[in-house]
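Okay, everyone, thanks for coming.

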Amino acid sequence: MDRIERCEEKFGELFGGKPTTTEGNDPEFMRILQRFIFGEVCYVGSLDNRMRELITVTVLTVNQTLPQLKAHTAACLHVGVSPAEIREAVYQCAPFIGFPKALNAIAAMDEAFEQNGISLPLESAETVTEDNRYEAGLALQAPVYGNEIKDRYTWLPGEFAEAVPRYLTELGFADFMTRKGMDGKTRELLTVVILAAMGGAEVQVRSHVEGALKVGNTKEEIVCALVHAMPYMGVPRLFNALNCSKELLS
């Protein structure tokens, strides 16, 4: 198949329809976009449609491109991603992009759910309590990342030296990473994508590439995830992520 044929095949798999040919006010742009993403990028690397769509939803959440997020939430459902998995991909962006942006994405996601006949709210995925948040978060954080953050910020004044590392453990790892609905390997891979899509977080990209490898992702899967994210986050952010992680991925 050539890339036009591949685009038609992939577009049908994801959206159940046909790509643009001459429709709309900007058909030339849409042909460039669709043939590149769905006719080329989607066919390079080992990741399946389900993982690719979770990556896409993650980048669109970071970017706050909400109309496209709705469309790709529907595509996720179309290729067999569960509502719970989609929810976790969106929820776990919050510590990185902030709660207001996460709420915007959740609203778009929920609208797509309702349009597809999914009852809300979804079943609870919480696994921690107020009494065990820190211990549960540390149990996930320490084996992969050790005490790096706690040791790095001992210079903070007064109570902040204790509070800032604790917030990371309790919020990032306990409140989100312990939730049901998505395995740790997938969460770490999507975290790499979140940080790459943000831009300017290359230190954290490298750290989480190392973490993603430790929990079972292969080098090829990480590169494939970043390359798949590229049409949505831009070429410079792909190169920044690859360059800062070269020693780990080569």
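So, is Thr178 buried or exposed? It counts as buried, because its relative accessibility is 15%, and buried here means under 20% relative accessible area, with exposed over 50% and partly exposed in between (1.4 Å probe, protein chains only).

Quick housekeeping: this is a predicted model, so local features need pLDDT of at least 70, side-chain atom pairs count only at pLDDT 80 or more, and totals for chains, interfaces and linings use all residues. Residues are numbered from 1 along each chain as its sequence is written, and side-chain values use heavy atoms, with hydrogens and water left out.

Back to Thr178: you'll find it in the loop between α10 (160-177) and α11 (184-198); helices are DSSP runs of H or I, at least four residues, numbered from the N terminus. Leaving aside residues up to four places away in sequence, Thr178 touches Thr127, Val128, Ala136, Leu140 and Phe173, where touching means heavy atoms within 4.5 Å.

Now helix α4, residues 66-78. At 1.5 Å a residue, its 13 residues should span 18 Å, and the end C-alpha atoms are 18 Å apart, so that agrees; the expected span is 1.5 Å times one less than the number of residues. Buried in α4 are Leu69, His72, Thr73, Ala75 and Cys76. They cover an arc of only 160 degrees around the axis, which means they sit on the same side of α4; that arc uses the directions from the helix axis to the C-beta atoms. Among the elements covering them are α1 (3-15), α2 (27-39) and α13 (219-233).

Last stop, Gly39: it belongs to α2, and it counts as buried at 0% relative accessibility.

Terms used. Helix = DSSP H or I, 4+ residues; strand = E, 2+ residues; numbered from the N terminus.
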